[in-house]
Amino acid sequence: MGLSDLFHQLRSTLPWNSLMDRMMKELHSRGETADDIAECLKKTPVHPRIAAAIKAAHAFGCDLRIISDANQFFIEKILEYHDLLGCFSKIYTNPTFVDEEGRLRIFPYHGSTLSPHGCSLCPSNLCKGQVLNNIQASAPESERQNFIYLGDGSGDYCPTLKLGDKDYVMPRKNYPLWNCIFSDRAFVKAEVREWSNGEELEGILLHLINRISSERSIL
């Protein structure tokens, strides 16, 4: 939408969440509406095999959730356009709303710039590890849980450390999460299954779901 130069100029001066809110202010000043932004988001590609994997996992009965340092508006509009929004039971991300002037606003998930979660691995606006802890704690103790965590960013390392030896983490190969994991593999208890493209992601994810299902049927 014509803001790439300004975005890169400000990238090193603002936290990601604040930068995105600043970009929305600039778009509003140029006459761009929330509907214009939503229309632009339709151009965001989703690999067809990843879309298929999401739909297959949902159909299998998996409880799919998103933990993202993007924002509510972007995620919901992209998933809605690709007919994937209904596959997810919950989205944990930076909240958004359109104000009385018609400007899209983006706010921090934790609602403070003072690192309220106290995690040194995560940005102040969102600790994904804390979110995962809350998800783990909210499940009934009588139900056995197996988590499969997919990610690629450095912010996905904290929740990876919260996974147990019955869980799985799927880092994208040669991306920050993968680098963090293999810088010292001993810190990660979960089984690691790397992927490089949509086809690999789909194959590995569905294999793990079937493996977990088979193990549960035996027990």
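User: So buried means under 20% relative accessible area, exposed over 50%, and partly exposed in between, with a 1.4 Å probe and protein chains only. Which class does R211 get?

Analyst: R211 is partly exposed, at 29% relative accessibility. Keep in mind that this is a predicted model, where local features need pLDDT of at least 70, side-chain atom pairs count only at pLDDT 80 or more, and totals for chains, interfaces and linings use all residues. Residues are numbered from 1 along each chain as its sequence is written, and side-chain values use heavy atoms, leaving out hydrogens and water.

User: Thanks! What does R211 form a salt bridge with?

Analyst: With E215, the closest N and O atoms being 3.6 Å apart. A salt bridge here is a side-chain nitrogen of Lys or Arg within 4 Å of a carboxyl oxygen of Asp or Glu. R211 and E215 are 4 residues apart in helix α9, so about one helical turn separates them. E215 is partly exposed too, at 30%.

User: Which residues are linked with them in a network?

Analyst: E191 and R193 join R211 and E215 in a network of salt bridges. R193 and E191 pair up with their closest N and O atoms 3.6 Å apart.

User: How many salt bridges does the count come to?

Analyst: It comes to 12. One of them is between E194 and K173, at 3.7 Å from N to O. E194 sits in the loop between β7 (191-192) and α9 (198-218), and K173 in the loop between β6 and α8 (176-183), so the pair ties together parts 21 residues apart in sequence. Helices (H or I, at least four residues) and strands (E, at least two) are DSSP runs, numbered from the N terminus.

User: Switching topic: what does UniProt list for D152?

Analyst: The unreviewed UniProt entry lists D152 under "binding site". Such annotations may be inferred rather than shown by experiment. D152 lies in the loop between β5 (148-151) and α7 (157-161), and it is partly exposed at 29%.

User: And what does D152 touch?

Analyst: Leaving aside residues up to four places away in sequence, D152 touches R172, Y175, P176 and L177. Contact means heavy atoms within 4.5 Å.

User: In which sense do β5 and β6 pair?

Analyst: Parallel, with 4 bridges between β5 and β6 (residues 168-171). Pairing takes at least two DSSP bridges between two strands. Y149 stands opposite V169 in β6.
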